[in-house]
Amino acid sequence: MHAHEVRVETHLGPGLPGFNVVGLADTEVRESRERVRAAIINSGFEFPAGRITVNLSPADMPKESGRFDLPIALGLLLASGQLAPPAAEDAKPSTPGASLADMVLAGELSLTGALVPVAAPLVIALSVARDAPGATLILPAGSAEQAAWVPGLQVLSARSLADVAAHAAGAGQLPNAIPRPWPEAPPAPCLSDVRGQPGARRALEVAAAGGHSLLMMGPPGAGKTMLAARLPGLLPPLARGQALEAAAVAAMAGLPEALASQPPFRAPHHSASVAALVGGGGRPRPGEISLAHHGVLFLDELPEFSRRALEALREPLEAGRVVIARALYAAQFPARFQLVAAMNPCPCGWRGHPARACACTPDQVARYAAKISGPLLDRIDLHVALPPSDPDWMAAAPGEASDAVRARVIQCRDRQQARQGKPNAGLAGAELDEFCAMDDEARGLLVQAMRRLKGSARAMHRALRVARTIADLDGQDRLAARHVAQAVQYRRPSV
Ligand SMILES: [Zn+2]
(Lines give C-alpha, C1' and ligand atoms only; values in the text may rest on other atoms or scores of the structure.)
Protein backbone atom coordinates (compact mmCIF):
# COMPACT_ATOMS: atom_id res chain seq x y z
CA MET A 1 0.00 0.00 0.00
CA HIS A 2 3.05 2.23 -0.22
CA ALA A 3 4.08 3.45 -3.65
CA HIS A 4 7.84 3.77 -3.39
CA GLU A 5 9.77 6.54 -5.06
CA VAL A 6 11.90 5.34 -7.97
CA ARG A 7 14.61 7.64 -9.34
CA VAL A 8 15.03 7.50 -13.10
CA GLU A 9 18.55 8.42 -14.26
CA THR A 10 19.44 8.73 -17.93
CA HIS A 11 22.90 8.79 -19.41
CA LEU A 12 23.68 9.57 -23.03
CA GLY A 13 27.20 8.53 -24.04
CA PRO A 14 29.29 8.03 -27.13
CA GLY A 15 29.60 4.64 -28.75
CA LEU A 16 27.47 2.27 -30.72
CA PRO A 17 23.77 3.13 -30.57
CA GLY A 18 22.07 1.19 -27.83
CA PHE A 19 19.30 1.55 -25.24
CA ASN A 20 19.71 -0.27 -21.95
CA VAL A 21 17.43 -0.15 -18.94
CA VAL A 22 19.06 -1.40 -15.74
CA GLY A 23 17.73 -1.79 -12.21
CA LEU A 24 15.93 -5.11 -11.99
CA ALA A 25 13.44 -4.18 -14.66
CA ASP A 26 11.04 -6.90 -15.70
CA THR A 27 9.73 -7.62 -19.17
CA GLU A 28 7.26 -4.75 -19.11
CA VAL A 29 9.96 -2.20 -18.39
CA ARG A 30 12.17 -3.61 -21.13
CA GLU A 31 9.25 -3.28 -23.52
CA SER A 32 9.03 0.33 -22.51
CA ARG A 33 12.17 1.00 -24.61
CA GLU A 34 10.17 0.40 -27.77
CA ARG A 35 7.29 2.55 -26.62
CA VAL A 36 9.56 5.39 -25.51
CA ARG A 37 11.45 5.35 -28.83
CA ALA A 38 8.24 5.57 -30.88
CA ALA A 39 6.60 8.11 -28.57
CA ILE A 40 9.59 10.48 -28.71
CA ILE A 41 9.70 10.37 -32.52
CA ASN A 42 5.91 10.71 -32.90
CA SER A 43 5.87 13.68 -30.50
CA GLY A 44 8.05 15.67 -32.89
CA PHE A 45 11.37 15.11 -31.13
CA GLU A 46 14.45 13.27 -32.27
CA PHE A 47 15.41 9.99 -30.72
CA PRO A 48 18.97 10.57 -29.49
CA ALA A 49 21.77 8.76 -31.25
CA GLY A 50 24.46 7.15 -29.12
CA ARG A 51 24.57 4.83 -26.20
CA ILE A 52 21.66 5.30 -23.76
CA THR A 53 21.69 3.92 -20.25
CA VAL A 54 18.64 4.29 -18.01
CA ASN A 55 18.95 3.38 -14.35
CA LEU A 56 15.92 2.78 -12.16
CA SER A 57 16.89 2.96 -8.51
CA PRO A 58 16.76 1.49 -5.93
CA ALA A 59 17.88 -1.50 -7.98
CA ASP A 60 16.75 -4.16 -5.49
CA MET A 61 13.09 -3.23 -5.76
CA PRO A 62 11.01 -5.24 -8.25
CA LYS A 63 9.45 -2.91 -10.81
CA GLU A 64 6.57 -3.58 -13.08
CA SER A 65 4.14 -1.89 -15.44
CA GLY A 66 4.78 0.86 -17.95
CA ARG A 67 4.52 3.72 -15.48
CA PHE A 68 8.22 4.56 -15.98
CA ASP A 69 7.76 5.41 -19.70
CA LEU A 70 7.04 9.09 -19.09
CA PRO A 71 9.99 9.82 -16.76
CA ILE A 72 12.34 7.82 -19.03
CA ALA A 73 11.22 9.80 -22.09
CA LEU A 74 11.61 13.14 -20.29
CA GLY A 75 15.05 12.08 -19.10
CA LEU A 76 16.10 11.36 -22.67
CA LEU A 77 14.80 14.73 -23.87
CA LEU A 78 16.76 16.46 -21.09
CA ALA A 79 19.93 14.45 -21.69
CA SER A 80 19.84 15.18 -25.41
CA GLY A 81 19.25 18.89 -24.85
CA GLN A 82 15.84 18.90 -26.53
CA LEU A 83 14.23 20.06 -23.29
CA ALA A 84 15.77 22.82 -21.21
CA PRO A 85 13.79 23.75 -18.13
CA PRO A 86 15.00 26.63 -15.97
CA ALA A 87 17.00 26.04 -12.78
CA ALA A 88 15.24 24.65 -9.74
CA GLU A 89 14.81 27.93 -7.87
CA ASP A 90 13.13 29.75 -10.73
CA ALA A 91 9.65 28.34 -10.60
CA LYS A 92 7.27 26.05 -8.76
CA PRO A 93 6.71 22.67 -10.42
CA SER A 94 3.07 23.48 -11.02
CA THR A 95 3.82 26.54 -13.15
CA PRO A 96 4.96 26.53 -16.78
CA GLY A 97 8.70 26.44 -17.28
CA ALA A 98 9.10 24.55 -14.05
CA SER A 99 12.09 22.56 -12.96
CA LEU A 100 11.47 18.84 -12.96
CA ALA A 101 13.16 18.56 -9.57
CA ASP A 102 10.02 18.57 -7.45
CA MET A 103 7.78 16.74 -9.88
CA VAL A 104 6.70 13.16 -9.41
CA LEU A 105 5.68 11.58 -12.70
CA ALA A 106 4.12 8.29 -13.73
CA GLY A 107 2.59 7.27 -17.02
CA GLU A 108 2.70 4.71 -19.75
CA LEU A 109 3.20 6.01 -23.28
CA SER A 110 1.44 4.77 -26.36
CA LEU A 111 3.41 4.69 -29.60
CA THR A 112 1.81 8.00 -30.63
CA GLY A 113 3.12 9.77 -27.52
CA ALA A 114 -0.29 9.84 -25.83
CA LEU A 115 -0.37 8.94 -22.13
CA VAL A 116 -2.21 5.85 -20.92
CA PRO A 117 -3.71 5.79 -17.37
CA VAL A 118 -1.71 4.02 -14.67
CA ALA A 119 -3.01 1.47 -12.16
CA ALA A 120 -3.87 2.49 -8.60
CA PRO A 121 -3.28 6.27 -8.93
CA LEU A 122 -4.79 6.78 -5.48
CA VAL A 123 -2.03 4.71 -3.87
CA ILE A 124 0.57 6.82 -5.70
CA ALA A 125 -1.12 10.04 -4.61
CA LEU A 126 -1.45 9.02 -0.95
CA SER A 127 2.24 8.05 -0.88
CA VAL A 128 3.40 11.29 -2.54
CA ALA A 129 1.32 13.37 -0.15
CA ARG A 130 2.88 11.53 2.78
CA ASP A 131 6.49 11.05 1.64
CA ALA A 132 7.15 14.04 -0.60
CA PRO A 133 5.27 17.02 0.81
CA GLY A 134 5.28 19.98 -1.55
CA ALA A 135 5.80 17.84 -4.65
CA THR A 136 3.58 18.19 -7.69
CA LEU A 137 2.22 14.96 -9.10
CA ILE A 138 1.81 14.64 -12.86
CA LEU A 139 -0.37 11.75 -14.01
CA PRO A 140 -2.17 10.77 -17.22
CA ALA A 141 -5.68 12.13 -17.65
CA GLY A 142 -7.95 9.35 -16.45
CA SER A 143 -5.73 8.63 -13.45
CA ALA A 144 -5.18 12.18 -12.23
CA GLU A 145 -8.87 12.63 -11.40
CA GLN A 146 -8.74 9.94 -8.70
CA ALA A 147 -5.37 11.16 -7.37
CA ALA A 148 -6.93 14.61 -6.95
CA TRP A 149 -9.17 13.18 -4.19
CA VAL A 150 -6.18 13.38 -1.84
CA PRO A 151 -6.34 16.67 0.04
CA GLY A 152 -3.35 19.01 0.08
CA LEU A 153 -1.69 17.50 -3.01
CA GLN A 154 -1.31 19.33 -6.31
CA VAL A 155 -2.10 17.02 -9.20
CA LEU A 156 -1.68 18.02 -12.86
CA SER A 157 -3.40 16.10 -15.61
CA ALA A 158 -1.48 15.33 -18.81
CA ARG A 159 -2.61 13.86 -22.12
CA SER A 160 0.69 13.39 -23.92
CA LEU A 161 4.46 13.47 -23.69
CA ALA A 162 4.42 16.67 -25.77
CA ASP A 163 2.15 18.38 -23.19
CA VAL A 164 4.44 17.48 -20.29
CA ALA A 165 7.54 18.60 -22.21
CA ALA A 166 5.84 21.90 -23.11
CA HIS A 167 4.94 22.45 -19.44
CA ALA A 168 8.50 21.78 -18.32
CA ALA A 169 9.87 24.09 -21.02
CA GLY A 170 7.51 26.92 -20.15
CA ALA A 171 5.64 26.71 -23.44
CA GLY A 172 2.40 25.43 -21.97
CA GLN A 173 0.50 24.85 -18.76
CA LEU A 174 -0.81 21.49 -17.64
CA PRO A 175 -4.29 21.82 -16.13
CA ASN A 176 -5.01 21.00 -12.52
CA ALA A 177 -6.77 17.65 -12.26
CA ILE A 178 -10.44 18.02 -11.41
CA PRO A 179 -11.41 15.45 -8.76
CA ARG A 180 -13.84 12.88 -10.08
CA PRO A 181 -17.19 13.38 -8.32
CA TRP A 182 -17.74 11.15 -5.28
CA PRO A 183 -20.29 8.53 -6.17
CA GLU A 184 -23.19 8.31 -3.75
CA ALA A 185 -23.26 4.94 -2.04
CA PRO A 186 -26.64 3.23 -2.00
CA PRO A 187 -28.10 3.50 1.51
CA ALA A 188 -27.41 0.53 3.79
CA PRO A 189 -30.41 -1.73 4.42
CA CYS A 190 -32.34 -0.58 7.50
CA LEU A 191 -32.51 -2.40 10.80
CA SER A 192 -36.28 -1.90 10.86
CA ASP A 193 -36.49 -4.66 8.20
CA VAL A 194 -35.52 -7.18 10.88
CA ARG A 195 -38.56 -8.33 12.88
CA GLY A 196 -38.04 -9.51 16.44
CA GLN A 197 -34.71 -10.92 17.66
CA PRO A 198 -34.40 -8.26 20.41
CA GLY A 199 -31.35 -9.97 21.96
CA ALA A 200 -29.41 -10.08 18.69
CA ARG A 201 -30.37 -6.50 17.83
CA ARG A 202 -28.99 -5.38 21.16
CA ALA A 203 -25.78 -7.38 20.61
CA LEU A 204 -25.43 -5.77 17.16
CA GLU A 205 -25.75 -2.31 18.71
CA VAL A 206 -23.12 -3.15 21.36
CA ALA A 207 -20.84 -4.48 18.60
CA ALA A 208 -21.26 -1.28 16.59
CA ALA A 209 -20.80 0.95 19.63
CA GLY A 210 -17.52 -0.62 20.78
CA GLY A 211 -16.15 -1.96 17.48
CA HIS A 212 -16.47 -5.51 18.85
CA SER A 213 -16.41 -8.69 16.81
CA LEU A 214 -19.61 -10.73 17.00
CA LEU A 215 -20.57 -14.38 16.62
CA MET A 216 -24.24 -15.20 16.04
CA MET A 217 -25.44 -18.76 16.45
CA GLY A 218 -28.94 -19.78 15.47
CA PRO A 219 -31.05 -21.93 13.16
CA PRO A 220 -31.58 -21.14 9.46
CA GLY A 221 -34.06 -18.29 8.95
CA ALA A 222 -33.38 -16.67 12.32
CA GLY A 223 -32.09 -13.54 10.55
CA LYS A 224 -28.32 -13.82 11.08
CA THR A 225 -27.41 -12.68 7.56
CA MET A 226 -29.97 -9.85 7.58
CA LEU A 227 -28.62 -8.56 10.88
CA ALA A 228 -24.98 -8.72 9.76
CA ALA A 229 -25.71 -6.82 6.55
CA ARG A 230 -27.19 -3.99 8.63
CA LEU A 231 -24.09 -3.41 10.75
CA PRO A 232 -22.39 -0.97 8.31
CA GLY A 233 -25.51 1.22 8.54
CA LEU A 234 -25.11 1.40 12.33
CA LEU A 235 -21.47 2.48 12.21
CA PRO A 236 -20.23 6.08 12.08
CA PRO A 237 -19.64 7.22 8.47
CA LEU A 238 -16.03 6.96 7.29
CA ALA A 239 -13.81 10.02 7.64
CA ARG A 240 -12.21 11.28 4.42
CA GLY A 241 -8.87 9.64 5.20
CA GLN A 242 -10.52 6.29 5.93
CA ALA A 243 -12.58 6.45 2.74
CA LEU A 244 -9.39 7.18 0.76
CA GLU A 245 -7.61 4.19 2.31
CA ALA A 246 -10.57 1.91 1.57
CA ALA A 247 -10.67 3.14 -2.03
CA ALA A 248 -6.92 2.58 -2.40
CA VAL A 249 -7.24 -1.02 -1.18
CA ALA A 250 -10.06 -1.60 -3.68
CA ALA A 251 -7.83 -0.24 -6.44
CA MET A 252 -5.00 -2.60 -5.45
CA ALA A 253 -7.46 -5.49 -5.72
CA GLY A 254 -8.43 -4.38 -9.21
CA LEU A 255 -11.87 -3.16 -8.19
CA PRO A 256 -13.19 0.24 -9.32
CA GLU A 257 -11.98 3.07 -7.11
CA ALA A 258 -14.93 4.68 -5.42
CA LEU A 259 -15.08 6.91 -2.40
CA ALA A 260 -17.91 5.99 -0.09
CA SER A 261 -18.72 7.33 3.33
CA GLN A 262 -20.36 4.05 4.29
CA PRO A 263 -18.08 1.41 5.82
CA PRO A 264 -17.47 -1.50 3.44
CA PHE A 265 -19.26 -4.83 3.92
CA ARG A 266 -17.60 -7.98 2.61
CA ALA A 267 -19.17 -11.43 2.82
CA PRO A 268 -16.85 -14.04 1.23
CA HIS A 269 -18.26 -17.53 0.64
CA HIS A 270 -17.00 -20.30 2.91
CA SER A 271 -15.30 -21.96 -0.07
CA ALA A 272 -12.99 -18.93 -0.41
CA SER A 273 -9.27 -19.82 -0.53
CA VAL A 274 -6.80 -18.54 2.03
CA ALA A 275 -5.35 -16.20 -0.62
CA ALA A 276 -8.79 -14.83 -1.49
CA LEU A 277 -9.51 -14.28 2.19
CA VAL A 278 -6.30 -12.74 3.52
CA GLY A 279 -4.54 -11.77 0.27
CA GLY A 280 -1.84 -13.35 -1.82
CA GLY A 281 -0.78 -14.22 -5.34
CA GLY A 282 2.51 -13.91 -7.19
CA ARG A 283 1.98 -10.18 -7.42
CA PRO A 284 0.31 -9.84 -4.01
CA ARG A 285 -3.18 -8.49 -3.99
CA PRO A 286 -5.29 -7.60 -0.96
CA GLY A 287 -7.86 -10.17 0.14
CA GLU A 288 -11.33 -9.87 1.62
CA ILE A 289 -10.03 -8.89 5.06
CA SER A 290 -8.34 -5.84 3.51
CA LEU A 291 -11.33 -4.99 1.33
CA ALA A 292 -13.23 -4.91 4.64
CA HIS A 293 -10.71 -2.38 6.05
CA HIS A 294 -12.61 0.20 8.17
CA GLY A 295 -15.73 -1.90 7.66
CA VAL A 296 -17.30 -5.28 8.28
CA LEU A 297 -16.16 -8.80 7.32
CA PHE A 298 -19.06 -11.24 7.51
CA LEU A 299 -18.28 -14.96 7.60
CA ASP A 300 -21.51 -16.89 7.27
CA GLU A 301 -21.43 -20.59 8.20
CA LEU A 302 -18.16 -20.11 10.01
CA PRO A 303 -17.42 -23.84 10.63
CA GLU A 304 -17.56 -24.48 6.85
CA PHE A 305 -14.49 -22.30 6.26
CA SER A 306 -11.25 -24.26 6.00
CA ARG A 307 -9.23 -24.49 9.18
CA ARG A 308 -6.27 -22.88 7.41
CA ALA A 309 -8.41 -19.92 6.38
CA LEU A 310 -9.66 -19.39 9.92
CA GLU A 311 -6.16 -19.72 11.38
CA ALA A 312 -4.93 -17.12 8.89
CA LEU A 313 -7.44 -14.63 10.32
CA ARG A 314 -6.01 -14.64 13.83
CA GLU A 315 -2.92 -12.53 13.30
CA PRO A 316 -4.63 -9.79 11.20
CA LEU A 317 -7.47 -9.65 13.75
CA GLU A 318 -4.92 -8.63 16.38
CA ALA A 319 -2.56 -6.55 14.25
CA GLY A 320 -5.03 -4.74 11.98
CA ARG A 321 -2.87 -5.54 8.97
CA VAL A 322 -1.65 -8.50 6.95
CA VAL A 323 1.88 -9.17 5.72
CA ILE A 324 2.41 -11.36 2.65
CA ALA A 325 6.01 -12.53 2.35
CA ARG A 326 7.60 -13.06 -1.06
CA ALA A 327 11.16 -14.04 -2.00
CA LEU A 328 12.39 -10.49 -2.57
CA TYR A 329 10.02 -8.42 -0.49
CA ALA A 330 6.97 -8.42 1.75
CA ALA A 331 3.70 -6.80 0.83
CA GLN A 332 1.63 -5.30 3.61
CA PHE A 333 -2.05 -4.42 3.43
CA PRO A 334 -4.21 -2.78 6.08
CA ALA A 335 -6.94 -5.01 7.55
CA ARG A 336 -8.63 -3.23 10.43
CA PHE A 337 -12.03 -4.85 10.09
CA GLN A 338 -14.87 -5.76 12.36
CA LEU A 339 -15.59 -9.49 12.23
CA VAL A 340 -19.15 -10.76 12.26
CA ALA A 341 -19.52 -14.53 12.07
CA ALA A 342 -22.58 -16.75 11.96
CA MET A 343 -23.13 -20.44 12.43
CA ASN A 344 -25.89 -22.98 12.85
CA PRO A 345 -26.11 -24.84 16.17
CA CYS A 346 -25.40 -28.14 14.35
CA PRO A 347 -24.74 -29.40 10.78
CA CYS A 348 -28.45 -29.73 9.93
CA GLY A 349 -29.28 -26.49 11.72
CA TRP A 350 -32.29 -27.55 13.79
CA ARG A 351 -30.71 -28.55 17.08
CA GLY A 352 -32.73 -27.08 19.95
CA HIS A 353 -35.59 -26.03 17.65
CA PRO A 354 -39.01 -26.43 19.29
CA ALA A 355 -40.83 -27.65 16.16
CA ARG A 356 -38.24 -29.39 13.99
CA ALA A 357 -36.13 -32.41 14.74
CA CYS A 358 -32.34 -32.38 14.53
CA ALA A 359 -30.98 -35.22 12.42
CA CYS A 360 -27.41 -35.02 13.71
CA THR A 361 -25.65 -37.50 15.97
CA PRO A 362 -23.92 -36.12 19.09
CA ASP A 363 -20.66 -37.00 17.38
CA GLN A 364 -21.47 -34.88 14.34
CA VAL A 365 -22.47 -31.96 16.54
CA ALA A 366 -19.22 -32.16 18.49
CA ARG A 367 -17.11 -32.35 15.31
CA TYR A 368 -18.99 -29.36 13.87
CA ALA A 369 -18.33 -27.24 16.95
CA ALA A 370 -14.67 -28.32 17.07
CA LYS A 371 -14.08 -27.00 13.54
CA ILE A 372 -13.74 -23.47 14.81
CA SER A 373 -10.65 -23.16 16.94
CA GLY A 374 -10.67 -21.91 20.50
CA PRO A 375 -8.08 -19.21 19.78
CA LEU A 376 -10.28 -17.66 17.07
CA LEU A 377 -13.36 -17.78 19.31
CA ASP A 378 -11.29 -16.15 22.06
CA ARG A 379 -10.81 -13.17 19.78
CA ILE A 380 -14.55 -12.68 19.29
CA ASP A 381 -15.86 -10.36 22.01
CA LEU A 382 -19.60 -10.99 21.65
CA HIS A 383 -21.23 -14.39 21.34
CA VAL A 384 -24.99 -14.45 21.02
CA ALA A 385 -27.54 -17.24 20.44
CA LEU A 386 -30.56 -16.47 18.26
CA PRO A 387 -33.82 -18.32 18.93
CA PRO A 388 -35.87 -19.56 15.97
CA SER A 389 -37.99 -16.86 14.36
CA ASP A 390 -41.22 -16.36 16.33
CA PRO A 391 -44.50 -16.06 14.30
CA ASP A 392 -45.63 -13.27 16.68
CA TRP A 393 -42.69 -11.10 15.55
CA MET A 394 -44.03 -10.98 11.98
CA ALA A 395 -47.26 -9.40 13.20
CA ALA A 396 -45.52 -6.91 15.51
CA ALA A 397 -44.63 -3.34 14.55
CA PRO A 398 -41.23 -2.84 12.87
CA GLY A 399 -38.28 -2.35 15.22
CA GLU A 400 -36.13 0.73 15.60
CA ALA A 401 -34.57 2.11 12.41
CA SER A 402 -30.81 2.18 11.74
CA ASP A 403 -30.64 5.99 11.92
CA ALA A 404 -31.75 6.05 15.57
CA VAL A 405 -29.32 3.30 16.57
CA ARG A 406 -26.46 4.93 14.65
CA ALA A 407 -27.03 8.21 16.52
CA ARG A 408 -26.47 6.39 19.85
CA VAL A 409 -23.47 4.54 18.42
CA ILE A 410 -21.81 7.78 17.28
CA GLN A 411 -22.35 9.36 20.70
CA CYS A 412 -20.87 6.29 22.35
CA ARG A 413 -17.85 6.23 20.00
CA ASP A 414 -17.23 9.92 20.74
CA ARG A 415 -17.07 9.09 24.48
CA GLN A 416 -14.48 6.39 23.81
CA GLN A 417 -12.44 8.61 21.53
CA ALA A 418 -12.35 11.42 24.12
CA ARG A 419 -11.37 9.04 26.93
CA GLN A 420 -8.85 6.71 25.29
CA GLY A 421 -8.47 7.66 21.63
CA LYS A 422 -9.78 4.33 20.29
CA PRO A 423 -12.84 2.08 20.38
CA ASN A 424 -13.24 -0.21 23.40
CA ALA A 425 -12.54 -3.29 21.25
CA GLY A 426 -8.93 -2.11 21.01
CA LEU A 427 -8.35 -1.93 24.78
CA ALA A 428 -5.86 -4.44 26.11
CA GLY A 429 -4.04 -5.31 29.33
CA ALA A 430 -3.17 -2.25 31.38
CA GLU A 431 -5.60 -0.06 29.44
CA LEU A 432 -8.48 -2.19 30.71
CA ASP A 433 -7.36 -1.56 34.30
CA GLU A 434 -7.05 2.14 33.60
CA PHE A 435 -10.36 2.68 31.83
CA CYS A 436 -12.65 0.10 33.44
CA ALA A 437 -13.05 1.46 36.95
CA MET A 438 -15.91 -0.38 38.66
CA ASP A 439 -17.71 -0.55 41.95
CA ASP A 440 -17.29 -3.44 44.41
CA GLU A 441 -20.55 -5.08 43.43
CA ALA A 442 -19.50 -5.14 39.78
CA ARG A 443 -16.07 -6.54 40.66
CA GLY A 444 -17.61 -9.26 42.81
CA LEU A 445 -19.95 -10.24 40.01
CA LEU A 446 -17.10 -10.40 37.49
CA VAL A 447 -14.93 -12.60 39.69
CA GLN A 448 -17.86 -14.89 40.42
CA ALA A 449 -18.78 -15.19 36.74
CA MET A 450 -15.21 -15.95 35.72
CA ARG A 451 -14.94 -18.65 38.37
CA ARG A 452 -18.23 -20.22 37.31
CA LEU A 453 -17.31 -20.08 33.59
CA LYS A 454 -13.75 -21.26 34.23
CA GLY A 455 -12.72 -18.21 32.28
CA SER A 456 -9.17 -17.47 31.17
CA ALA A 457 -7.52 -14.05 31.42
CA ARG A 458 -8.51 -13.55 27.80
CA ALA A 459 -12.15 -14.26 28.63
CA MET A 460 -11.94 -11.77 31.51
CA HIS A 461 -10.57 -9.07 29.19
CA ARG A 462 -13.29 -9.80 26.68
CA ALA A 463 -15.99 -9.38 29.33
CA LEU A 464 -14.39 -6.14 30.55
CA ARG A 465 -14.23 -4.61 27.06
CA VAL A 466 -17.87 -5.44 26.44
CA ALA A 467 -18.93 -4.18 29.89
CA ARG A 468 -17.07 -0.93 29.14
CA THR A 469 -19.13 -0.48 25.96
CA ILE A 470 -22.40 -1.31 27.70
CA ALA A 471 -21.60 1.29 30.38
CA ASP A 472 -20.73 3.81 27.66
CA LEU A 473 -24.09 3.21 25.96
CA ASP A 474 -25.58 3.82 29.41
CA GLY A 475 -23.62 7.10 29.74
CA GLN A 476 -21.72 5.86 32.83
CA ASP A 477 -18.02 6.38 33.59
CA ARG A 478 -17.82 3.58 36.16
CA LEU A 479 -18.89 0.02 35.45
CA ALA A 480 -21.84 -1.09 37.54
CA ALA A 481 -23.04 -4.62 38.27
CA ARG A 482 -25.74 -4.41 35.60
CA HIS A 483 -23.14 -3.67 32.91
CA VAL A 484 -20.96 -6.59 33.94
CA ALA A 485 -23.99 -8.89 34.24
CA GLN A 486 -24.99 -8.16 30.66
CA ALA A 487 -21.42 -8.50 29.38
CA VAL A 488 -20.84 -11.97 30.84
CA GLN A 489 -23.95 -13.21 29.03
CA TYR A 490 -22.20 -12.60 25.74
CA ARG A 491 -20.06 -15.68 25.99
CA ARG A 492 -19.85 -18.68 23.74
CA PRO A 493 -23.30 -20.27 23.45
CA SER A 494 -23.13 -23.89 24.47
CA VAL A 495 -23.71 -26.37 21.67
ZN1 LIG B 1 -28.74 -31.06 13.57
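Residues are numbered from 1 along each chain as its sequence is written, and side-chain values use heavy atoms, with hydrogens and water left out. Because the model is predicted, local features need pLDDT of at least 70 and side-chain atom pairs count only at pLDDT 80 or more, whereas totals for chains, interfaces and linings use all residues.

Helices and strands are DSSP runs numbered from the N terminus (helices H or I, at least four residues; strands E, at least two). Two packed helices are described by the angle between their axes and the distance between the axes. For helix α18 (residues 457–473) and helix α19 (residues 481–489), the axes come within 8 Å and cross at roughly 130 degrees, where axes are lines fitted to C-alpha atoms over the stretch in contact and angles run from 0 to 180 degrees between N-to-C directions. The two helices are therefore oblique to each other, given that angles under 35 degrees count as roughly parallel, over 145 as roughly antiparallel, 65 to 115 as roughly perpendicular and the rest as oblique. On the α18 side, the contact (heavy atoms within 4.5 Å) is made by Ala463, Val466, Ala467, Ile470 and Ala471, and α19 contributes His483, Val484, Gln486, Ala487 and Val488.

Helix α18 also carries arginine 462, which counts as buried at 9% relative accessibility; buried means under 20% relative accessible area, exposed over 50% and partly exposed in between, with a 1.4 Å probe and protein chains only. The side chains of arginine 462 and aspartate 378 are joined by a polar contact of 3.5 Å, a term for a pair of N or O atoms within 3.5 Å in which, within protein, one must be able to donate a hydrogen and the other to accept it, residues adjacent in sequence counting only if both atoms are side-chain atoms. Beyond its neighbours within four places in sequence, arginine 462 is in contact with Leu377, Asp378, Ile380, Asp381 and His383.

Serine 143, in the loop between β7 (136–140) and α4 (144–147), likewise counts as buried, at 1% relative accessibility. Its side chain reaches the backbone nitrogen of valine 118 at 2.9 Å, and, when residues up to four places away in sequence are not counted, serine 143 touches Pro117, Val118 and Pro121.

Helix α2 (residues 69–79) is mostly covered, with 9 of its 11 residues buried, among them Asp69, Pro71 and Gly75. Just after α2, glycine 81 takes a positive phi of about 75 degrees.
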